[in-house]
Amino acid sequence: MPESTAAPAAAPAAAPAASAIPENAPEHCPGPESEQAGQADSCAGCPNQAVCAAGGPKGPDPAIALINERMASVRSRILVLSGKGGVGKSTVTTNLSWALSFNDDVQVGVMDLDICGPSLPKMLGLEGEQVHQSNSGWSPVYVSDNLSVMSIGFMLPNPDEAVIWRGAKKNGLIKQFLKDVDWGDLDYMVVDTPPGTSDEHLSAVQYLKESGLDGAVIVTTPQEMSLQDVRKEINFCKKVGVPIIGVVENMSGFVCPKCTKESRIFAPSTGGAAKMAASMDVPFLGSIPIDPRIGISCDSGRSFLDEFPESPATQAYLHIVDQIKAYVDAKRHVAE
């Protein structure tokens, strides 16, 4: 959208609040409450131009009611977050989902919100699958009878295709994943997110606020370089009202597949995730050591937890999952 070429006013108006600007607005939107709403040069071509120019109160997003209707059949919604990229967040999401689905009576859905880097189709052995549509909406792709997945990766012509989207288009797809996908009855919905605290995170929180988020699992590695960004993620959750289930320290050591001895690879120079969690008054769920077979399992789309039950990493995952289930069960009990 071209920038305004009008001469600047003698006293510039205050910037509009971010929450007041529509998600599909152009970069230099003056805000719907501004006197220039619908009339500024930057409004040209905006889909909201006529509404803003007409003035009057704006109603709630009609999609929220549809999302609430879809989410009514989902008992628990869990975000997997990290302020830092490359800490193994999608790997944790994958293994958390496998573990939750071990019980055949438990229905698990996984939503991949990492729109520019969708990894879950490959990690869950679904590469090459496609989304189908029915009268009830989009159908998620099934790993097994009780584990389903939705990802933009299923919609790309090839897995190497780049997704070059601005925030408004990303937000639109997230809204579709929530209101148009026929998830059915789920015990758990696990939502994988990209690193940071940007559009995808804000959209997920905004759209799921009324239906309820049980909480977030925050993933980090032991180094201070990761911890400093994870502190931002924790503060993000506190500011937007997302409960924190706990922090997971991934890649906390190396487990030799032969002798199972564990060695520290990434030294926790400032005390690691446990110390950080204590200082920020959030739960620490545990540490997961590096096992080279985790990467091999993810590359081949197989369950590491099933194939290597003796690994210390498997035991660490199961211990963490037990704590997450206990948290969710306690929250349900209080709600009931």
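Predicted model: local features only at pLDDT ≥ 70, side-chain atom pairs only at ≥ 80, totals over all residues.
Residues are numbered from 1 along each chain as its sequence is written, and side-chain values use heavy atoms, with hydrogens and water left out.

**Figure 1. The protein chain as a whole.** Start here to get your bearings. The protein chain has 11 helices and 11 strands; these are DSSP runs numbered from the N terminus, with helices (H or I) of at least four residues and strands (E) of at least two. Of its 336 residues, 46% count as buried, where buried means under 20% relative accessible area, exposed means over 50%, and partly exposed lies in between (1.4 Å probe, protein chains only). Among contacts with a separation of 6 or more, 75% are between residues 24 or more positions apart; a contact means heavy atoms within 4.5 Å.

**Figure 2. Asp-182 and Arg-70 meet in a salt bridge.** The structure holds 13 salt bridges, each a side-chain nitrogen of Lys or Arg within 4 Å of a carboxyl oxygen of Asp or Glu. In this view, the N to O distance between the side chains of Asp-182 and Arg-70 is 3.7 Å. Asp-182 lies in the loop between helix H5 (167–179) and strand E7 (188–192), and Arg-70 in helix H2 (residues 62–71), so the pair ties together parts that are 112 residues apart in sequence. Asp-182 is partly exposed at 27% relative accessible area, and Arg-70 is partly exposed at 22%.

**Figure 3. Lys-170 pairs with Glu-200 in a salt bridge.** Their closest N and O atoms are 3.3 Å apart. Because Lys-170 sits in helix H5 and Glu-200 in helix H6 (residues 199–208), the pair ties together parts that are 30 residues apart in sequence. Lys-170 counts as buried at 13% relative accessibility, and Glu-200 counts as buried at 4%.

**Figure 4. Asp-329 and Arg-332 form a salt bridge within helix H11 (residues 312–335).** The closest N and O atoms of this pair are 3.8 Å apart. Asp-329 and Arg-332 are 3 residues apart, a separation of about one helical turn. Asp-329 is partly exposed, with a relative accessible area of 40%, whereas Arg-332 counts as buried at 15%.

**Figure 5. Lys-84, Asp-229 and Lys-232 belong to one network.** Here, salt bridges that share partners join the three residues.
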